[in-house]
Amino acid sequence: MGHMQSKEEFAFTKAELKVLLKNFNELDMDGSGFLEPNELFDVPELKDNPIVQRIVNVFDENNDGCISFYEFVNGLSSLASGSKPIEKYKFAFKIYDYNGDGYISNGDLYHMIKLMVKDSLGDIHIQQLVDRTMQAADLDKDGLLTFEEFVSYVKSTNIEKLFSMDILDNLQES
């Protein structure tokens, strides 16, 4: 059971959605009605984030290379400070599931750690970290982490706090 359902409800009120739409339109530099990755890479808070491309990929649910307002709100809804921890786990799982197959493999985890640490760790050290993590988290020892195994492993790490933000505090309401 590696695959997850997309959620249909948002963590925002109608007034908050209006603020999100205004900010979405401001980010949409070319007025296309969609956010292309380059429009997000120009946002100062995201510019130096090593996993911003992964976040864009997770937001882009239909894999068309750009983010619709629906995808924008759905993605932010998972990250909103008021959303349930399970939504944050789902989002984090998708970030780590680098190839999008519904499981986290040794290769997926390696790619993500490499993105996050850049050149501060060598390839051998990264692989050792990946191997230790997989050994501890892969409960059925099949070489793949299911969503359930991922949640079991990260539940005690406060990962939901890393994938939580006060979205509307960071947006302009005027």
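The model before you is predicted: local features need pLDDT of at least 70, side-chain atom pairs count only at pLDDT 80 or more, and totals for chains, interfaces and linings use all residues. Residues are numbered from 1 along each chain as its sequence is written, and side-chain values use heavy atoms, with hydrogens and water left out.

Let me begin with helix α6. Helices here are DSSP runs (H or I, at least four residues), numbered from the N terminus. Helix α6 covers residues 85-96, and its 12 residues reach 16 Å from the first C-alpha to the last, close to the 16 Å expected at 1.5 Å a residue. That expected span is 1.5 Å times one less than the number of residues.

How many residues of α6 are buried? The count is 9 of 12, and the helix is mostly covered. Buried means under 20% relative accessible area, exposed over 50%, and partly exposed in between, with a 1.4 Å probe and protein chains only. Among the buried residues of α6 are Tyr89, Phe91, Phe93 and Ile95.

I turn now to the packing. Two packed helices are described by the angle between their axes and the distance between the axes. Helix α4, residues 52-59, packs with α6 at an angle of about 115°, the axes being 9 Å apart. Axes are lines fitted to C-alpha atoms over the stretch in contact, and angles run from 0 to 180 degrees between N-to-C directions. On the α4 side, the contact (heavy atoms within 4.5 Å) is made by Arg54, Ile55, Val58 and Phe59, and on the α6 side by Phe91, Lys94 and Ile95.

Finally, the salt bridges. A salt bridge is a side-chain nitrogen of Lys or Arg within 4 Å of a carboxyl oxygen of Asp or Glu. By this rule there are 3 salt bridges.

Glutamate 87 is buried, at 14% relative accessible area.

In helix α1, residues 14-27, glutamate 26 and lysine 22 lie 4 residues apart, and their side chains meet in a salt bridge at 2.5 Å, N to O. Glutamate 26 is partly exposed at 39%.

Aspartate 123 and lysine 114 also form a salt bridge, at 2.9 Å, N to O. Aspartate 123 is partly exposed at 43% relative accessibility, and lysine 114 is partly exposed at 30%.

Terms used:
Helices (H or I, at least four residues) and strands (E, at least two) are DSSP runs, numbered from the N terminus.
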